[in-house]
Amino acid sequence: PLHAAVQGLSTFLTSIEMLRTSLLAACMAAATAFSPSALPFGTATRKATSGPSMQLYKDGKLQGAGVNCIPIFKRPASLKGDMVGDMGFDPFGVSGYANMLFCREAEIKHGRIAMLAFAGIVVETLGIRAPGVDAVYGASTNIFDIHNMAVEKGSMGQILLWTGFLEICGGVPAMNSMLEGSGRMPGDFGFDPLGLGKKNFERKQLVEVMNGRAAMLAVSGMVHHALINGKVQG
């Protein structure tokens, strides 16, 4: 009986060892199957890829040529690479049917407004005021309270009146002439009192576009934080 028990134990242990070996082999096979060399779309070694640069090609004449910010999507053929800040990103194909001069003018204009809005929100939230402002608008640092007071006191009406006047008298004619082939660059109103555009103009164009995009996202985030939390998160 003892000999039979020992033999049975030995057989059981041998079976366990064989099971472990089989499981280990199966795991190794599964891991090998998902290695880069085994995948139909992979390679054994990863090639280094370079991300988007400042897009200043040929002195700014082709600022977006060859740039594709999302490599898994094909760069749209409708993007010619001749606009500042062209990242090859157009998932909805807007560049295929919309006038890109009009779109660029709108983007630059909204970006400039957003940069001013960002600066204004930061200043108001920090409580930085000009003398006498508290007496008119109160001491609140909530951007919605300040906005409502500006509407009540007529300040927002003044802004709407004069910006609308400038847009009708200057912005619309400039836009129309550009769309009719005048050669005007989007966003160019001939306003450069400090002469900043005399040097590295293409780079400064790109900086304005990129900062304008960041400001539009930032202002949207600030406003939503203020709506949800009652204050701008900083």
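## Basis of the values

The model is predicted, so local features need pLDDT of at least 70 and side-chain atom pairs count only at pLDDT 80 or more, while totals for chains, interfaces and linings use all residues. Residues are numbered from 1 along each chain as its sequence is written, and side-chain values use heavy atoms, with hydrogens and water left out.

## Nonpolar core

The largest nonpolar core consists of 8 residues: Ala114, Ile121, Ile143, Ala215, Val219, Met222, Ala226 and Val232. Such a core is a set of buried Ala, Val, Leu, Ile, Met, Phe, Trp, Tyr and Cys residues joined through side-chain atoms within 4.5 Å. Buried means under 20% relative accessible area, exposed over 50%, and partly exposed in between (1.4 Å probe, protein chains only). At least two residues of this core come from each of α2 (100-125) and α6 (201-229), and α6 gives the most, with 4 residues. Helices (H or I, at least four residues) and strands (E, at least two) are DSSP runs, numbered from the N terminus.

Apart from neighbours within four places in sequence, Val232 is in contact (heavy atoms within 4.5 Å) with Ile121, Thr125, Ile143, Met222 and Ala226. Ile143 is also one end of a C-alpha separation of 9.5 Å, the other end being Gly120, 23 residues away along the chain. Gly120 belongs to helix α2 and is partly exposed, because its relative accessibility is 31%.

## Cavity between helix residues

The structure holds 1 cavity of 30 Å³ or more, and the largest cavity has a volume of about 40 Å³. On a 1 Å grid over the protein atoms alone, a cavity is a set of points where a 1.4 Å probe fits but cannot get out, and a pocket is an open set with protein on both sides within 12 Å along at least five of seven lines; lining residues have an atom within 4 Å of a point. Grid points are joined across faces, edges and corners, and a volume is the space filled by probe spheres set on the points.

The lining of the largest cavity is made up of Glu107, Ile108, Gly111, Arg112, Met115, Glu208, Val209, Gly212 and Arg213. Two or more of the lining residues come from each of α2 and α6, with α2 giving the most, 5 residues. By class, the lining has 3 nonpolar, 2 polar and 4 charged residues. Here Ala, Val, Leu, Ile, Met, Phe, Trp, Tyr, Cys and Pro count as nonpolar, Asp, Glu, Lys and Arg as charged, and the others, Gly among them, as polar.

## Second largest pocket

The second largest pocket has a volume of about 530 Å³. It is lined by 21 residues, of which Leu79, Phe89, Asp90, Met100 and Arg213 are the closest to its centre. α2 gives the most to this lining, with 4 residues, and the lining divides into 9 nonpolar, 5 polar and 7 charged residues.

## Aromatic pair

Rings of Phe, Tyr and Trp (its six-membered ring) pair if their centres lie within 6.5 Å; planes under 30 degrees apart count as stacked, over 60 as edge-to-face and the rest as tilted. The count by this rule is 1 aromatic pair. The ring centres of Trp162 and Phe165 are 6.1 Å apart and the planes stand at 80°, so the pair is edge-to-face.

Both residues lie in helix α5, 3 residues apart, about one turn of the helix. Trp162 is exposed, at 51% relative accessible area, whereas Phe165 is partly exposed, at 45%.

## Asn200

Asn200 lies in the loop between α5 (155-179) and α6. Its phi is near 55°, a positive value in a residue other than glycine. Most residues other than glycine have a negative phi. Asn200 is partly exposed, because its relative accessible area is 49%.
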